[in-house]
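Hi,

Here is the structure I said I would pass on.

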Amino acid sequence: MKLITTRSMLLIYVLFSALILRLLISPYYTHNYDMGTWKYWASQLVDLGFPGYFNKISWSDYLPFYYYPLYLVEIINRFFNTTSDLTFKIPAILSDLGAGLLIYLIAFKYSFKKRIILMSIYLFN
């Protein structure tokens, strides 16, 4: 009995390839205004806490859940003493991979090949 099947390996290969591609291109496609805003929001979240942040910042136009990853990213940045843009992109990259996997799982009624193609269209678009 094989522990890892060929299908599982292909699924892992596609997800890993999408991850590597996103990590390679992540330094080149960032809108500076967005990145500056995320960094400011993250630092304010850590400095003021959530209640203080929402009392001070009135122009936050993202849904509330987004601030939790920002908070965690800023904690990690401060722990490792870094200001890397990549750390702010990791939650979105992981979300993309999760969405691709979700597409694969939702398309369970199709053949394996079609599910991989659907997932790949999303991940490599």
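The buried residues of H1 pack against helix H4 (85-106) and helix H5 (112-123); contact here means heavy atoms within 4.5 Å, and helices are DSSP runs of H or I with at least four residues, numbered from the N terminus. This is a predicted model, so local features need pLDDT of at least 70 and side-chain atom pairs count only at pLDDT 80 or more, while totals for chains, interfaces and linings use all residues. Residues are numbered from 1 along each chain as its sequence is written, and side-chain values use heavy atoms, with hydrogens and water left out.

Which residues of H1 are buried? Leu11, Val14, Leu15, Ala18 and Arg22 (buried is under 20% relative accessible area, exposed over 50%, partly exposed in between, with a 1.4 Å probe and protein chains only). They cover an arc of only 85° around the axis, which puts them on the same side of H1; the arc is that of the directions from the helix axis to the C-beta atoms. Thr6, Tyr13, Phe16 and Leu24 are exposed on the other side of H1.

As for length, H1 has 20 residues and reaches 28 Å from first C-alpha to last, close to the 28 Å expected at 1.5 Å a residue (the expected span is 1.5 Å times one less than the number of residues).

Over in helix H2 (residues 32-56) sits Gln44. Gln44 is buried, at 10% relative accessible area, and touches Gly49, Tyr53, Lys56 and Ile57, leaving aside residues up to four places away in sequence.

Cheers

Notes. Helices (H or I, at least four residues) and strands (E, at least two) are DSSP runs, numbered from the N terminus.
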